[in-house]
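Me: I have a structure open and would like to go through it in short questions. Can you take them one at a time?

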Amino acid sequence: MKAIVKYIILIFVLAAPMGLEAQVEFVAKVSKKKLGLNERLRIDFEMNEDGDNFEPPDFEGFRVLGGPNQSISNSWINGKRSYSKTYSFFLAPLRKGAITIGQAAIEIDSQRYKSLPVEVMVTEAVEIPKDGNNADYLASENVHLVAEVSNTNPYLNEAITVVYKLYVSNQVSITSNWREIDSPKYADFWSQTLDQKGQLQIYEGQYRGEDYRYVILRTTVLYPQKTGELSIEPLTLDVPIDVRSNRRDFFGRFMTTRVNKTISAGRRTIEVKPLPLVNRPEDFTGAVGYFDFDTSISRTELDAQESLEYSVTVRGEGNLKLFELPKPQFPNAFEVYEPARSDKISTRSTGMRGSVAEVYTLVPQNQGNYPLPELSFSYFDPNLERYITKTATDHVVNVINGPEQETTQQSASDQSASTVPVDKERFRYIKLKADWTPTNPTPWFGTWAYWQWILGLLLLLPVWFALSAVRERYLGDTAARAQRQRKRLIAQYLSEAKAQQNNPSAFYGALERSLHLFLKAKLKLETSGLSKENISKLMTQRNVAPEAIERLIGLIERCERARYAPTTAVDVQNDYSEAQEVISMVNSTKK
Amino acid sequence: MKGLSQGQADNWFDQGNQLYKNQQYKEAIMRWEAVLESGVHSGEIYFNMANAYYYLNDLASSIYYYEKALELAPKDPDIQANRAYVQNALIDVVRAQPKTLFQKWDEASGQLLTADAWAWLSILFMALFVFAVLSFRWVESPGAKRLSFVTALLSLMLFGGSVFLGQKTQSYSKNYRWAIVFQQEMSVRSGPRLSDDALFELHAGTKLRLLQTQDQWQEVELTDGRRGWVLAQDLKAL
């Protein structure tokens, strides 16, 4: 245990001087790192603790013109001591090229410290020797105006930032205000300059590897509006610079000289890339950046003639002021007013940021459901290097009560615009009964089958005429045949009587028999035993013409009489022809 | 009707109606589609489908089926009333050019009856003509003869007229083919190339007359007389 305590004490004892030594600085500083052969160089070896046994380097490649000059400064500020001891040499280079000034050594508190070697570039002799003490030279060497461009190869409409910084080294100071001689013009850019408000902030920074103080004079956000090589014109300032001279005033302070220098930021060239043409969406309107897109409506249910608001909003980061918002399309029954645009944009050093909105006021004129078409917005994302399309949700506006208003619409039959009122009734309900027809009816008009019908009907005419002609001929034939039939009939019944014409008594007997036979055959009458009254009665019933009956009865009477009374050949002849006539008369009687 | 009885079509139609009543519009449309696939249609089923699409906020389909319904039932007041609702919600308003009286007659005559109805009418008049000619031959009184002569002459003229109108109706349905825009927004170009100038924009639900085609491009005419070329895929022919 005791051994550990001893060790801890030992560590503290050893560590104590190290803590002191850590604050010792011994550095070599050159007045310039690059000089002409005919110029001179000053090198200071500076330490912050008092040291002894200074050992300068051998300065190979230089001729020592003066030195070592020793200077000590010791000051107390707010109870804090600051001390510096400097050994200075003035050197003239002997040859061109990179020359390394070797290490110097010093002993501080019996410790040896060495400075770092310094490399100096010696160039050709310059015309005007850069006198390290010339105020004009010092001013131009120690004050620099720089335009820092965030991206020299941006896309069209991609934000780039130009920052103008004024670097001032520790050797000079600027105490009064500068004057702007030439303001940069950004011909092919949309630009916005961010003013530095109030007192300029002073920052510590490096300029070409050396410590400098700088102020940000101005920040400008640029959006290139053209592709190709674009140049930014320089910013030129007239700056009064206070340079410390070697002379001292009465009180031993260094005197300062004021030099007015015109310094310029230099011309910068920016190569602007065009936006890719491949996969460019049709609705792309030039938005470049990172955006969100949304549409909204203030109400979804309302009555006709009331108003609602439809807003299209793009929010995000990018060229917000430089593109057009997508234009929505509205149903034709909506009255649409010019949109009100509201921008909430703040510009920062990285570009514009905020939201752009267009608010449309809509007044529906009729009742119904109105789906508002969905809207999409496309932009180019310069980081992903591709186009992105964002689609907002669609909305449906339900107009509940509508006025009895006429709307223009196409009527079904002639597609001409005629006003058909949408009556106050609601949207009509579906039909519950249907009459089905084949979806694809085969057209019948003009087909062969149709023309066959027409031809068939037309053919009826000649066919009909031909048929009627045939019929007429046929009808003529029947008259002749009836004549023949009658003759045959008479011949049939009267053949016996005809054969007996020369014998009157036999003739009349045959005639009477044949008359009875005829009546029996023709009228289905059994007349042989009947009286003449009965015969005439029956024949009347059968519609035999009275004249024919009378003549038939007369003939039968004559036949009966001829059995008893003699007759002549003339009578026979008369009665035979009488019988022929009567038979044909009775025969023509309709049943 | 192939393989589907009348009763089956009615059954599916009724099922669709029931689904519509329960506001299941998508399912109702599926039932009705099945009826259409079976090879029968009617103005009523197209009307019902159009109504269902209206509630689904598909305006282009809605207009499409209203137009189809009107082809089958041109005078139906229900179809016209509901179509007016949908037309109010469309973006494009196409005002037809005023037509001369003759043009109106010309178009009306092409839509008076179907071609087949004209065919039947012409057959009827031809039959009347034949009958009148025959009766002229057979009747004897001079009054009746004169009547049948006049009838024959008139029916012959009417026959010619109905054949003419039938032809006209047929050529009308061939020349006047219509389509509905189904693309939300499309450009009408001056020629059948993407490089041709976009003349104007049309939106879903607008009715167009189809003219000629080349490759996938279709020449169209609006009822107000504007013409141009569009991609055929953006349209759906009636």
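The chat below goes through some helices, a chain contact and some strands.

Reply: This is a predicted model, where local features need pLDDT of at least 70, side-chain atom pairs count only at pLDDT 80 or more, and totals for chains, interfaces and linings use all residues. Residues are numbered from 1 along each chain as its sequence is written, and chains are lettered from A and ligands numbered from 1 in the order in which they are written.

Me: OK, at what angle do α1 and α2 of chain B pack?

Reply: Helix α1(B), residues 6-21, and helix α2(B), residues 25-37, pack at about 165°, and their axes are 8 Å apart. Helices here are DSSP runs of H or I with at least four residues, strands are runs of E with at least two, and both are numbered from the N terminus. Axes are lines fitted to C-alpha atoms, for helices over the stretch in contact, and angles run from 0 to 180 degrees between N-to-C directions.

Me: So is that roughly parallel or roughly antiparallel?

Reply: Because of that angle, α1(B) is roughly antiparallel to α2(B). The cut-offs are under 35 degrees for roughly parallel, over 145 for roughly antiparallel, 65 to 115 for roughly perpendicular, and oblique for the rest.

Me: Which residues meet there?

Reply: Among them are B:Trp12, B:Phe13 and B:Leu19 in α1(B), and B:Ala28, B:Trp32 and B:Val35 in α2(B). Contact means that the C-beta atoms, placed from the backbone, lie within 7 Å. The residues of this contact divide into ten nonpolar, two polar and two charged. Ala, Val, Leu, Ile, Met, Phe, Trp, Tyr, Cys and Pro count as nonpolar, Asp, Glu, Lys and Arg as charged, and the others, Gly among them, as polar.

Me: Different topic. How many residues of chain B are in contact with chain A?

Reply: 54 residues of chain B are in contact with 48 residues of chain A. The largest share of chain B's side, ten residues, comes from α7(B). That side has 29 nonpolar, 18 polar and seven charged residues.

Me: Which strand of chain A is joined to β1(B)?

Reply: Strand β34(A), residues 437-438, is joined to β1(B) by two bridges, and the two run antiparallel. A:Thr437 has B:His41 as its bridge partner. Strands pair if DSSP finds at least two bridges between them.

Me: And within chain A, what joins β26 to β27?

Reply: A hairpin does, through two residues. Nine bridges join β26(A), residues 340-348, to β27(A), and these strands run antiparallel. A:Ser346 stands opposite A:Arg353 in β27(A).

Me: How many bridges join β24(A) to β27(A)?

Reply: Ten, again antiparallel. There, A:Val314 is partnered by A:Val356.

Notes:
Contact = placed C-beta atoms within 7 Å.
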